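Hi,

Here is the structure I said I'd pass on.

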Amino acid sequence: MTAHDLVISGGTVIDPASGRHEASDIAIADGRIVAIGPSIATEGAAAVVDATGQFVVPGLVDLHVHVYPGVADLSVEPDPTCLGRGSTTVVDAGSSGANTFPGFRRWVIEPARGRILAYLNISLAGQIDPFLGELHDLRFVDPERAAAVALANPDVIVGFKVRLSEMLAGPNGLIGLDRALEAGRATGLPVMAHIGGTPFDIEEVLARLRPGDVVT
């Protein structure tokens, strides 16, 4: 009998990749799943978790988080908040811009236990304040520099973020969107557009977006 490091017993295992949705136990050894099935023996296991009445799922992906605490508004600590709730991969939605991304990578992304990807804010400063938005001064909205940082960090940066609400963009929402799309075209990456509270019709945003872009 193989001794396992961990057995999760009695749960309902849901795994869309394999089409599995059934009551099963899971055995883990050396950090890997080594068995899935009914009534896995728990004798000798270093730890046993009773998951009766619970769902057991692969690591979740959260497409929209803010995890640059102390720098970007709305941010939370990534591992306790995200990994601690089952999100093993999260995508930060524009907390950092080209000027603030190096610190985000060094002090947040690299030390994190969970996987953090990023939509880079089209504003160089990133998401700095919930009231004085990052698009109010277009001098900071630089698609060329955003594209350069994205191309230099292809393992982490997966697109560009732009917030279009009037409180955050003033009269510059559509200009900011166009510049984010310019960076997207230069890199082949998608744009995530935050809508709601815009002074223009949302249809104007949708008409500009391309296949693969994201509305949030």
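Below is what turned up, starting with the ground rules and then going through the aromatic rings, a helix, the core, a hairpin and a serine.

This is a predicted model, so treat it as one: local features need pLDDT of at least 70, side-chain atom pairs count only at pLDDT 80 or more, and totals for chains, interfaces and linings use all residues. Residues are numbered from 1 along each chain as its sequence is written, and side-chain values use heavy atoms, with hydrogens and water left out.

First, the rings. Searching the whole structure gives 2 aromatic pairs (rings of Phe, Tyr and Trp, the last by its six-membered ring, with centres within 6.5 Å; planes under 30 degrees apart are stacked, over 60 edge-to-face, the rest tilted). Tyr68 and Phe104 have ring centres 4.8 Å apart and planes at 35°, so that pair is tilted. Tyr68 sits in the loop between β6 (60–65) and α1 (78–81), while Phe104 belongs to helix α2 (residues 101–109), so the pair ties together parts 36 residues apart in sequence. (Helices are DSSP runs of H or I with at least four residues, strands are E runs of at least two, and both are numbered from the N terminus.) In the other pair, Phe101 and Phe104, the centres are 6.4 Å apart and the planes at 75°, so this one is edge-to-face. Phe101 and Phe104 are 3 residues apart in α2, about one helical turn. Together, ring pairs link Tyr68, Phe101 and Phe104 into a cluster.

How accessible are these residues? Tyr68 counts as buried at 8% relative accessibility, as do Phe101 at 2% and Phe104 at 0%. (Buried is under 20% relative accessible area, exposed over 50%, partly exposed in between, using a 1.4 Å probe and protein chains only.)

On to α2 itself. Its buried residues are Phe101, Phe104, Arg105, Val108 and Ile109.

Leaving out residues up to four places away in sequence, Leu177 touches Val162, Leu164, Val191, Ala193, Val205, Arg208 and Leu209.

Then the hairpin. Strands β2 (residues 20–29) and β3 (residues 32–37) run antiparallel, joined by 5 bridges (strands pair if DSSP finds at least two bridges between them). Ala27 has Ala35 in β3 as its bridge partner. There are 2 residues between the strands, and Asp30 in the turn has a positive phi of about 55°.

Last, Ser123, in the loop between β8 and α3. Ser123 is buried, at 1% relative accessible area. Not counting residues up to four places away in sequence, Ser123 touches Gly97, Ala98, Glu134, Phe140 and Val141.

Cheers

Methods:
Contact means heavy atoms within 4.5 Å.
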